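Welcome! Please take a moment with the sequence and the 3D view before reading on.

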Amino acid sequence: MDLLDTLTAKGLRGEVPTREEALAVLATTDDELLDVVAAAGKVRRRWFGRRVKLNYLVNLKSGLCPEDCSYCSQRLGSKAEILKYTWLKPEQAADAARAGVAGGAKRVCLVASGRGPTDRDIDRVTGTMAAIKDADPEVEICVCLGLLSDNQAERLKAAGADAYNHNLNTSENTYGTITKTHTYADRVDTVQKAHGAGLSACSGLIAGMGETDEDLVDVVFALRELGSDSVPVNFLIPFEGTPLAKEWNLTPQRCLRILAMVRFVNPDTEVRIAGGREVHLRSMQPLGLHIANSIFLGDYLTSEGQAGQADLDMIKDAGFEVEGAGEATLPRHRADIAEAAQAGGSCGTAASACGSGGGCGPCGGHSHAAPSTPEAATSERSDDAPESSDEDELRSDLVKVRRRGAGTELAPNA
Ligand code: SF4
């Protein structure tokens, strides 16, 4: 297949495909799916070998958010019966982080709901990072606190943060349909602030919110332009009690095509299968490892994932290996760009100028490029989306609200 040969050749050279080629990946048929996975797998192995980076989420503050992101179980007005608690104490958060590191995680992701941190919140997170790094200086820490004000990124960097997560989530064109309380430009600004302060930028997307193929391609190219070092690909978890509870738009095949498209556009960037992995890829999860080089271990922010041991078993059974603390994630040339950006305090994009782009967290809540009407949702949906039916609506049994780990008396499942 010419398309896949072209994409593989470009990916092996670290080149980005055209927009038309990226769209064509999303339009491939089920008969072509294994060829698509194999082509993306060659690119993945060229830059990341058979390593899988494990990341571990610690939800520092759950629910009670004043923002209205349609996808999110922690949003203003959410009826989702998630855990709700205010800031964990540093030692509580460090305990939770330790469980993830003991399970094999190389990076700990400290996430708090909210529009953005106060300076006092930065102090709290500073104490948490110190407690984590005291116990394990090698662990990478990524912080996700929402929109940053001036100098907050610099304070986080000085306190030992390695990375900052803020997802763009969806295309600039549709961003206004998923949230009214902040803008796409706000999100871009925060990613740029983090990058400018020398933090590694982690920024990704949420698929399955009713978006078009063009929206997906737009956001993935925007992330490349923005110079994101890691791209979490979330698949919408349609939580009961959120506006997107009935948005079951994804199949495992669709998820694999999306992952492949993200890989081709970001050949040498960390691509992470994030929230919704178990819900939407289900028994096809191991095929996702042939495309992505990174996953979350165990549970998500507000939903439960499969047991950490099941993640480890899956990696081993599929012929991959967990990336060790001493191993570099990014290929040398990409790491050099990131280090130069950190040293110079400027945005180090891989190929071009800092663009646009910006959002909060690796979800357990998720998002929706909310179609304005149910009819719009149907007409805009991708061709391979499953037809909506009563049965689809009942698939909320696939969504398990987190009841263990951080903020509870129960041990996490890392
Ligand atoms: S995504 Fe973040 S900002 Fe948006 S509602 Fe959820 S916790 Fe709040």
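## About the model

This is a predicted model, in which local features need pLDDT of at least 70 and side-chain atom pairs count only at pLDDT 80 or more, while totals for chains, interfaces and linings use all residues. Residues are numbered from 1 along each chain as its sequence is written, and side-chain values use heavy atoms, with hydrogens and water left out.

## The nonpolar cores

A nonpolar core is a set of buried Ala, Val, Leu, Ile, Met, Phe, Trp, Tyr and Cys residues joined through side-chain atoms within 4.5 Å. Buried means under 20% relative accessible area, exposed means over 50%, and partly exposed lies in between (1.4 Å probe, protein chains only). The largest such core here has 99 residues, and Val58, Leu156 and Phe235 have the most contacts inside it. Helix H10 (residues 252-265) gives the most to this core, with nine residues. Another core, of eleven residues, lies apart from it and includes Val111 and Leu301.

Contact means heavy atoms within 4.5 Å. Leaving aside residues up to four places away in sequence, Val58 touches several residues, among them Leu88, Val108 and Ala406.

## Two packed helices

Helices (H or I, at least four residues) and strands (E, at least two) are DSSP runs, numbered from the N terminus. Helix H3 (residues 33-48) packs against H10 at an angle of about 40°, and their axes are 10 Å apart. Axes are lines fitted to C-alpha atoms, for helices over the stretch in contact, with angles from 0 to 180 degrees between N-to-C directions. H3 is therefore oblique to H10, since angles under 35 degrees count as roughly parallel, over 145 as roughly antiparallel, 65 to 115 as roughly perpendicular and the rest as oblique. Residues meeting across this pair include Leu33, Val36 and Phe48 in H3, and Leu256, Ala260 and Phe264 in H10.

## Cysteines

How many disulfides does the structure hold? There are zero (a disulfide is a pair of cysteine sulfur atoms within 2.5 Å). Cys69 is buried at 7% relative accessibility, and Cys72 is buried at 14%.

Arg272 lies in strand E8 (residues 270-273) and is buried, at 1% relative accessibility. Beyond residues up to four places away in sequence, Arg272 touches Asn55, Cys202 and Phe296, among others.

Pro412 sits in the segment after helix H16 (390-393) and is partly exposed, at 28% relative accessibility. Pro412 and Arg402 are ten residues apart in sequence and 9.6 Å apart in space, C-alpha to C-alpha.
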